Amino acid sequence: MTIADTYGAFVIVIGAPRLGAVSAGGTLFHTSVSSRLARQNRYALLLIPATVSAAAWPDKST
C-alpha cells in the first residue's frame, strides 16, 4: 500500500494466492498479501491465477 500511495497507483496487480492448508490459514487470519489487499478499498486489485503462463497471452508481433 505504501508503494501504491507513493507512485499514485490506479491498480495493484499480484499473483493469486496458492492453494493448500498454509494458504487457507493465511487467508483465515488475514496474513497473506493478497488477502490483505483484497480487503482494502483504495485501489483496484487484479489477481493473476497461478495457472496463467506467458504463453496464454496473445502474440503482439502481428
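Good morning. Let me begin with valine 13, which is found in strand E1, the strand covering residues 11-15. The structure before you is a predicted model. At 53% relative accessibility, valine 13 counts as exposed, because the threshold for that class is over 50%.

Valine 13 also belongs to a nonpolar patch on the surface, together with Phe10, Val11 and Leu46. The accessible area of these four residues together is about 420 Å².

Which residues does aspartate 5 touch, once its neighbours within four places in sequence are set aside? The contacts are with Arg42 and Tyr43. In the case of arginine 42, the separation from aspartate 5 is 37 residues in sequence, while the C-alpha to C-alpha distance is 9.5 Å.

The chain contains 3 helices and 2 strands, and from the N terminus on the order of elements is α-β-α-α-β. Among contacts with a separation of 6 or more, 63% are between residues 24 or more positions apart.

Finally, the surface. Of the 62 residues, 16% count as buried. The chain exposes about 5100 Å², and carbon and sulfur atoms supply 65% of that area. Thank you for your attention.

Conventions:
Residues numbered from 1 in each chain as written. Predicted model: local features only at pLDDT ≥ 70, side-chain atom pairs only at ≥ 80, totals over all residues. Heavy atoms only, no water. Patch = residues over 30% accessible without salt bridge, like charges linked within 9 Å, V, L, I, M, F, W, Y side chains within 5 Å. Areas by Shrake-Rupley, 256 points an atom, 1.4 Å probe, with all protein chains shown as cover. Salt bridge = Lys/Arg side-chain N within 4 Å of Asp/Glu carboxyl O. Helix = DSSP H or I, 4+ residues; strand = E, 2+ residues; numbered from the N terminus. Buried < 20%, exposed > 50% of the residue type's maximum accessible area, 1.4 Å probe, protein only. Contact = heavy atoms within 4.5 Å.
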